[in-house]
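Q: Could we go through this model by asking, for each label, what grounds it?

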Amino acid sequence: MLRLWNLILFELRKILNNKKAFLFLIVLNITPIIASLALLIAYISCKSLGLGDFQFLAMKRIIQAMFTSHFTIFGYTAPFFLALIVGDSFSTEFGRGYMKTLLLTPVRRWQVIVAKTSSIIIFLLIAVLLGGFILQADLFIARAITQPSGVLPNPLQEKLMDTSISMVSVSSAFQLLVITFVANLMMIGFFIVFSMFFESAILMTFCSIGSVMAIHVFYLSAFMLKELVKWFGPLEKLCFTRHFTDLFSLNIIQNVLDGSVTILSEKVLEPMGFSLLWAVIFYVLAVIIFSRKQVLH
Amino acid sequence: MSNSDYAIKVTALHKMFGDKTVLDYLNFSVPKNAIAGFLGPNGAGKTTTLRMMLGLLPTPRDKIELLGHKLPGDRTSALERIGAVVENPSFIDTLSAYENLKWFGSLYKPVNYSRIHEVIDMVGLKEATNQNFGTFSTGMKQRLGVAFSLLHKPELLILDEPTSGMDPVGRVQMREILLNIHEKEKTSIFLSSHLLDEVQKLCNYVVIINKGRRLTEGYVSDILSSNEEHYEIRVSDDSIERTKNILEAAQNIVKSITLAPRGFVVDLENDTSHLVNEILVKAGIKVQALIPLEQSLEETFMKLTNKGSNTFVSSTETTQTTKEKESKEGEK
């Protein structure tokens with residue numbers, strides 16, 4: 001157990017030691033960074049109104065909208081970055097011989113897969129949390145720079161306007177993290193299976209992303225084509241990408257944020273369940289392939 | 001010898017890459033506390049054998065035993081007691097020598113930081129402790145590889161071409177490092193190499209293979225000793241022809257004659273050099289010198305590998321042939 005823990009820490013150290021990781025953190029959080037600028041513009045534009053409460057409300061709406069879009073954009077763009085990170089963790093290590101050195105130590109091959117996945121998930125969750133923290137910090141700043149006007153009596157003001165300085169509830173934030181974890185676990189598993197056959201991260205990324213796109217395009221067109229060709233129907237069910245897009249749809253994220261849907265609702269639970277099932281399939285496949293893989297470099 | 005006396009025991013190991021047979025039911029064993037050389041020409045199957053021993057290639061069940069641990073089942077238990085470097089060692093380019101050893105070492109057991117400094121010092125990389133691995137020369141990388149393999153005080157060290165890419169000084173230093181480790185830490189060493197003189201200076205046991213089959217194995221002293229002795233006979237230039245005729249006539253004791261710059265090199269029956277000297281002196285030839293030549297591993301290696309994989313030279317080989325046939329039949 002201690003060995004596995006050390007391996008996870010080592011893998012995390014390798015990811016964080018990579019300059020690409022910092023670039024990914026910036027790129028994946030481009031929305032929160034833009035939100036900070038938008039906040040400044042909103043403050044200057046609303047200053048003429050002279051009412052701190054309205055200014056804060058406008059800013060809060062902007063930030064909340066940014067959070068929803070950040071999460072959706074994150075959901076759609078993360079796979080591209082994930083493919084690159086997985087490629088770096090497996091394909092590059094096969095090519096450069098790091099994997100050989102790792103396998104000369106008494107670690108088991110499944111432990112390598114678990115450790116690398118855990119470190120990538122931790123990195124990904126750091127990226128999500130970082131975005132959330134930046135947006136939450138924006139909200140604190142917005143509250144600090146916009147003082148209550150005092151025009152409306154306090155009880156009435158609280159009824160009319162959302163003066164809370166929490167961007168999302170703790171429960172919603174936790175549920176969004178669970179969705180991120182499950183959906184990305186499936187994608188990471190898929191990329192790991194792919195990375196077993198390549199020794200170049202870039203090549204692996206192009207091929208795996210190309211495959212993901214092909215599968216999803218097939219899924220999008222299958223709803224019409226299955227009427228013409230019968231075997232398109234069963235094939236459509238195998239398109240695992242649909243569960244990923246379902247989980248990161250704007251509709252679901254908004255519903256989770258406003259509390260009208262939880263991760264236990266059928267709408268979320270079904271794609272989450274299938275994502276987990278696919279994740280198990282991909283990881284079993286990855287372990288089988290890896291245990292038979294010849295490490296030649 | 002019981003199984004527990006072997007550091008390595010390989011039985012009927014077979015491997016094919018596509019249609020090509022790389023290991024052809026290979027058998028060999030290495031006793032504990034030996035410094036064993038693993039020799040063979042290019043493509044003989046040395047690296048493939050080492051990779052299979054270390055689990056880098058899929059290992060068939062119960063064909064390899066390391067320190068009494070059967071592979072692949074006991075692979076992790078075996079690796080806890082083994083240090084290994086296969087071909088060019090690779091570490092994380094952006095981490096220093098110290099950090100690489102710290103992180104990779106943590107996968108064996110909790111890292112003892114003083115041990116990291118000790119092994120770095122042992123391989124002569126003290127000044128490069130905080131230097132990034134990416135900036136290391138080939139020789140330095142090899143040294144760090146050896147340092148890594150020593151970190152957890154292994155009982156068996158498996159090294160693939162540990163001096164490849166090193167200059168002559170580096171090779172001598174590496175030899176000293178390995179001898180030192182063997183003496184101080186009682187580590188058995190198994191190393192593959194093309195450098196036969198290095199192996200002869202370092203190893204007391206050798207395994208020679210070709211085309212995936214064992215040609216011979218045993219203690220170097222046993223392999224080099226044979227029924228023949230080699231001598232250089234120096235005579236004056238005007239006696240060359242006569243000497244040659246006399247030596248050719250003494251077929252019962254002179255096995256072969258080769259012309260050398262100042263006389264001949266001859267292969268003689270054991271303990272017959274004084275007779276050759278006597279014959280030549282009686283025939284009026286002034287023998288300037290009779291110099292004994294030590295047989296080198298290189299000669300043995302060349303003889304064995306040139307004869308091909310079906311040739312077995314030592315007495316143990318007869319047993320080997322029978323064993324291999326048996327195991328082959330068993331496999332089939």
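Predicted model: local features only at pLDDT ≥ 70, side-chain atom pairs only at ≥ 80, totals over all residues.

Q: Which residues of helix α13 of chain A are buried, and what puts them on the same side of α13(A)?
A: In α13, which spans residues 250–258 of chain A, the buried residues are A:Ile252, A:Ile253, A:Asn255 and A:Val256. They cover an arc of only 165° around the axis, and this is what puts them on the same side of α13(A).

Q: Why is the pair of A:Phe90 and A:Phe290 called edge-to-face?
A: The ring centres of A:Phe90 and A:Phe290 are 6.5 Å apart and their planes stand at 85°; since pairing asks for centres within 6.5 Å and edge-to-face for planes over 60 degrees apart, the pair is edge-to-face.

Q: What makes this a pair that ties together parts apart in sequence?
A: A:Phe90 lies in the loop between α4 (52–89) and α5 (91–96) of chain A, whereas A:Phe290 belongs to helix α14 (residues 266–292) of chain A, so the parts tied together are 200 residues apart in sequence.

Q: Why does A:Phe290 count as buried?
A: The relative accessibility of A:Phe290 is 1%, and because buried means under 20%, A:Phe290 counts as buried. By that cut-off, A:Phe90 is buried too, with a relative accessible area of 0%.

Q: How do you know that A:Phe190 and A:Phe282 form an edge-to-face pair?
A: For A:Phe190 and A:Phe282 the distance is 5.5 Å centre to centre, with 65° between the planes, and these values are to be set against the limits of 6.5 Å and 60 degrees. A:Phe190 lies in helix α9 (residues 170–195) of chain A and A:Phe282 in helix α14, so this pair ties together parts that are 92 residues apart in sequence.

Q: What makes the charged end of A:Arg109 count as sitting over the ring of A:Phe290?
A: The charged end of A:Arg109 is 5.3 Å from the ring centre of A:Phe290 and sits over that ring; the rule asks for a distance within 6 Å and a direction within 35 degrees of the ring normal. A:Lys116, in turn, lies over the face of A:Phe90, at 5.6 Å from the ring centre.

Q: Why is B:Thr163 called buried?
A: B:Thr163 has a relative accessible area of 7%, and buried means under 20%, so B:Thr163 is buried. B:Thr163 lies in the loop between β7 (156–160) and α6 (168–185) of chain B, and its contacts beyond four places in sequence are B:Arg171, B:Met174 and B:Leu195.

Conventions: Residues numbered from 1 in each chain as written. Chains lettered and ligands numbered in written order. Heavy atoms only, no water. Helix = DSSP H or I, 4+ residues; strand = E, 2+ residues; numbered from the N terminus. Buried < 20%, exposed > 50% of the residue type's maximum accessible area, 1.4 Å probe, protein only. Contact = heavy atoms within 4.5 Å. Arc of directions from axis to C-beta. Phe/Tyr/Trp six-rings, centres within 6.5 Å; stacked < 30°, edge-to-face > 60°.
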